[in-house]
Structures are given as structure tokens and as C-alpha cells.
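Q: I would like to learn how to read side-chain packing from a coordinate file. Could we work through a case?

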Amino acid sequence: MSSVIARTGRHRQRYENNFRLVSGCIPYRITEDDEDHNGDIENRIQVLMVSSPDRDDRVFPKGGWEDDETVLEAACREAFEEAGVKGTLRETPLGVWEFRSKSRQKIESLEGGCRGYMFALEVTEELECWPEQQNRDRKWLNIKEAFRLCRYEWMCRALEEFVRVMEVSDDDEGGKIEIGGEEKGEASANVNAMPSVPAVTDHHVVTECQIVSSNCCIEIKPSSTSQQLVISVHCHGTWLSRGLPLSH
């Protein structure tokens with residue numbers, strides 16, 4: 001049993017234009033090539049999905065984005081709470097999808113609208129115990145299985161975008177891969193980029209670490225291999241990194 005308790009309630013929930021803001025991720029791992037796969041990236045990827053009580057279908061970790069965390073931190077927290085995994089999160093979102101909560105189905109109502117941000121998380125650690133272990137189990141699936149079992153249409157669209165990004169990354173890197181309640185139904189996608197991190201102009205930077213939210217810290221230091229400043233955020237066991245060019 002995990003000693004960390006999952007967050008509950010919506011008293012810290014973020015809203016924007018009557019939409020409840022949600023953050024989640026597609027946890028994944030890369031399997032070794034074999035003769036049957038012929039190097040096909042879609043067949044080399046496995047994604048991690050979680051169950052809900054009394055249901056046979058599956059979902060990716062996701063939940064409310066709260067007012068004391070960034071959208072990236074929220075995605076990491078949900079992966080930890082719902083699936084018990086840690087890893088490396090790509091800062092650029094797969095997309096932003098608008099959908100309706102399963103508990104708020106009245107189309108004319110302003111309530112129940114959600115805006116979900118989805119990211120890709122390369123898993124580096126699977127925990128034996130996690131906060132929602134009693135209510136959810138986790139299972140590694142290939143892409144075809146994931147599409148078949150995925151409960152929500154908007155998550156299927158996020159998975160389609162994930163596969164597209166992985167295929168592009170695989171082609172560009174020559175095989176090196178780098179990824180930086182609703183019901184099925186109508187969902188609209190908006191793939192506008194997330195706000196970028198403000199540029200840092202002082203290149204005389206000393207490494208520092210400070211708490212930015214519960215279980216999170218930030219580290220800033222020059223890159224040892226390039227003329228960049230590396231900003232890394234550690235949140236719920238996951239490191240989020242981004243390189244910024246140094247000004248001269």
C-alpha cells in the first residue's frame with residue numbers, strides 16, 4: 001500500500017471559460033526489435049493503460065489540473081497516482097481536446113465541458129505500490145490493443161497523434177526515439193502549442209533548487225555539451241527537461 005494519498009475533490013480545480021482543465025499522459029516504453037516487427041515503430045511501442053472499477057475498457061492516466069501546479073506537474077502526478085509510474089515527460093503536448101464529462105451530458109448546459117491536455121511519458125520506473133492501486137490495475141498493451149480497449153474517443157485521437165509523433169521521431173532520428181468522466185462521442189481537438197518558458201538572458205547561472213509545488217523542485221544549469229541552459233523540473237519522481245539557447 002502506498003503511503004502517499006491521491007488528491008481528491010475539486011476545491012483546487014482550474015477552470016477556463018467554463019471548461020474544467022484536465023491533464024494526462026500516455027505512458028509508453030520501447031520494446032526490442034524482432035524479426036516479426038521488421039522495425040515498425042508502431043509494433044515496437046507498448047502503452048500503459050489503467051482500469052476503472054466494474055469496467056473492462058481502459059483509459060490513460062488523467063485528472064484535474066489544480067491551481068498549485070503546472071499542467072506538466074499535473075500530468076506527472078496523475079501518472080503516479082493512477083498508474084504508479086515515473087519517467088521522462090515530453091514538454092510539448094500531443095494536443096488539447098475538448099469533451100464532455102460523463103456526469104454532465106446536457107448539451108445545452110455550460111457545466112461538464114472539459115479541456116484535456118495530453119503528453120507522452122517515457123516510463124523509467126514502475127512502482128509496486130501506488131495511491132490508487134486498490135481501484136485501478138495497469139496493463140501494458142500494444143497500439144492495436146490500446147485502440148480496441150480505449151474508452152473515450154478523444155483519448156483515441158490523442159493516441160493517434162502519439163503514434164504520428166513517434167513515427168516522425170523515429171524517421172528523423174534514424175531509429176532513436178525521443179518524445180521530449182467522459183463517454184465516447186464527439187470531441188474537438190486543438191493542437192495549439194503550450195506557452196513557452198520565458199527566455200533566460202543571463203548566462204552566468206549557478207545551479208539552484210527550490211520547491212515550486214508539493215513534491216517538485218526546479219534545477220537550472222548550463223549544458224555540458226552545448227551552448228544551452230538546461231531547465232529541469234522534478235515532480236513526483238519524473239524529470240521534465242528543456243534546453244534554452246544562451247544569449248551572448
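Predicted model: local features only at pLDDT ≥ 70, side-chain atom pairs only at ≥ 80, totals over all residues.

Q: How many aromatic pairs does the structure hold?

A: There are three aromatic pairs in the structure. Pairs are classed by the angle between ring planes, with over 60 degrees counting as edge-to-face and under 30 degrees as stacked. Tyr28 and Phe162 have ring centres 5.4 Å apart and planes at 55°, so this pair is tilted.

Q: Where in the chain do Tyr28 and Phe162 lie?

A: Tyr28 is in strand E2 (residues 19-30) and Phe162 is in helix H4 (residues 153-172).

Q: Which class does the pair of Trp65 and Tyr117 belong to?

A: Trp65 and Tyr117 are edge-to-face, with 85° between the planes and 5.7 Å from centre to centre. This pair, too, links distant parts of the chain, at 52 residues apart. Trp65 is in the loop between strand E4 (62-64) and helix H2 (71-83), while Tyr117 belongs to strand E7 (residues 113-126).

Q: Are Trp65 and Tyr117 buried or exposed?

A: The cut-off for buried is under 20% relative accessible area. Trp65 has 12%, so Trp65 is buried. Tyr117 has 10% relative accessibility and therefore also counts as buried.

Q: Which residues touch the most other members of the largest nonpolar core?

A: That core has 49 residues, and Ile26, Val47 and Phe162 touch the most other members. Helix H4 supplies the largest share of the core, eight residues.

Q: What is Val47 in contact with, leaving aside neighbours within four places in sequence?

A: The contacts of Val47 include Ile26, Pro27 and Tyr28, and also Phe60, Trp140, Leu159 and Phe162.

Q: What are the phi values of Asn17 and Asn18?

A: Phi is near 50° for Asn17 and near 70° for Asn18. Each is a positive value in a residue other than glycine. Asn17 is found in the loop between strand E1 (15-16) and E2, and Asn18 is in the loop between E1 and E2 as well. At 62% relative accessibility, Asn17 counts as exposed.

Conventions
Residues numbered from 1 in each chain as written. Heavy atoms only, no water. Phe/Tyr/Trp six-rings, centres within 6.5 Å; stacked < 30°, edge-to-face > 60°. Helix = DSSP H or I, 4+ residues; strand = E, 2+ residues; numbered from the N terminus. Buried < 20%, exposed > 50% of the residue type's maximum accessible area, 1.4 Å probe, protein only. Core = buried A, V, L, I, M, F, W, Y, C linked by side-chain atoms within 4.5 Å. Contact = heavy atoms within 4.5 Å.
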